[in-house]
Amino acid sequence: MTEFVEHRQQGAVSTVTLKRADAGNRLTNAMAAALGTALDASAQSRVIVLRGAGVDFCIGRDMQPPAPGARVSANEVLQTDAQPMLALFDALRRCRQPVVAVVQGKAWGIGTVFAALADVTYAAADATFRLGELERGIPPAIALAALIDRMPPKAVAHLVYSAEPIGAPAALAAGLVSCVVEPAELQGAVDRFIARLLTFAPDTVLAVKQYLATAPRFSEAQAALYGSSLLANVLSSR
């Protein structure tokens, strides 16, 4: 595991921290692989906390697009640019327990994506979120895949087409984050939330996670049937 990704286990809680604060926790491909490994290593935890060290949560990826005329192949782009992110997204989807993101400062680029992919995201009131890839000649299609079913399409479109940062209140209104608190209260709010979450029966929490990860893609009737099945399985196993 790279030195820029720290994994700590404390009781039922795993904390995974991006520790490249001097570079705004910019994500390299090696860090992405290490982050996926840390998530997999947290399989026995009841909660996973994802955070960034220093002033900013994560200001994006440490990767420049090919220069015009570089003549890189589409396959090279897939291997060096897309595949590391797809593997990381798969690792996040494999998490059976809730993932809680704690956002301070800038959550730009892949930082915005992490905020979206987490099950619950707490953000400091002065945090900002941004997808500025169009400025660099990049269509942020991989990021869009993570955002499209979590934010209203017009909110996503404005975020991408404007390439401008939005504040935490706007991110909350758009469904990108779960809760906004004053910066000095961020850690306390997260600690209280996790303490409360750990008072609930593990099988019940896992069932909710499973439902929320799957049912939004179902029809209303299918979602109700799936929910009934999960409920029956949990209650009949006691």
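This is a predicted model: local features need pLDDT of at least 70, side-chain atom pairs count only at pLDDT 80 or more; totals for chains, interfaces and linings use all residues.
User: Which way do the residues of β6 point?

Analyst: V120, Y122 and A124 point one way, while T121 and A123 point the other way, and all of them are buried. As background, side chains in a regular strand alternate between the two faces of the sheet.

User: OK, and in which sense does β6 pair with β4?

Analyst: The pairing with β4, residues 99–103, is in the parallel sense and runs over 4 bridges. Within that pairing, V120 of β6 is the bridge partner of V100, and T121 of β6 stands opposite A101.

User: How many bridges join β6 to β9?

Analyst: There are 3 bridges between β6 and β9 (residues 179–181), and these strands run parallel. Here Y122 stands opposite C179 of β9.

User: Which residue of β4 is the bridge partner of I48?

Analyst: That would be V99. The pairing there is between β4 and strand β3, residues 47–52, in the parallel sense over 4 bridges.

User: Switching to helices now. At what angle do α8 and α9 cross?

Analyst: The axes of α8 (residues 202–214) and α9 (residues 220–236) cross at roughly 165 degrees and come within 10 Å. The two helices are therefore roughly antiparallel to each other. The crossing of α8 past α9 is right-handed.

User: Nice. Which residues of α8 and α9 meet?

Analyst: From α8 you have D203, T204, A207, Q210, Y211 and T214, and they meet A223, Y226, G227, L230 and V234 of α9. Sorted by class, this contact has 6 nonpolar, 4 polar and 1 charged residues.

User: What about the open sheet, what's the strand order?

Analyst: The order is β5-β7-β8, with 3 strands and mixed pairing. The edge strands are β5 (106–108) and β8 (166–167), each pairing on one side only.

User: Which residue of β7 does W108 stand opposite?

Analyst: W108 stands opposite R130 in β7. Strands β5 and β7 (residues 128–130) run parallel and are joined by 3 bridges.

User: And which strands does helix α3 touch?

Analyst: Helix α3, residues 110–117, packs on that sheet and touches β5 and β7. The direction of α3 makes about 95 degrees with that of β5.

User: Is N25 buried or exposed?

Analyst: N25 is buried, with a relative accessible area of 0%.

User: And where does A163 sit?

Analyst: A163 lies in the loop between α5 (153–162) and β8. Its phi is near 55 degrees, again a positive value in a residue other than glycine. A163 is buried too, with a relative accessible area of 5%.

Note on methods:
Residues are numbered from 1 along each chain as its sequence is written. Side-chain values use heavy atoms; hydrogens and water are left out. Buried means under 20% relative accessible area, exposed over 50%, partly exposed in between (1.4 Å probe, protein chains only). Two strands pair if DSSP finds at least two bridges between them. Axes are lines fitted to C-alpha atoms, for helices over the stretch in contact, and angles run from 0 to 180 degrees between N-to-C directions. Angles under 35 degrees count as roughly parallel, over 145 as roughly antiparallel, 65 to 115 as roughly perpendicular and the rest as oblique. A crossing is left-handed if the near helix is turned anticlockwise from the far one by less than a right angle, and right-handed if clockwise. Contact means heavy atoms within 4.5 Å. Ala, Val, Leu, Ile, Met, Phe, Trp, Tyr, Cys and Pro count as nonpolar, Asp, Glu, Lys and Arg as charged, and the others, Gly among them, as polar.
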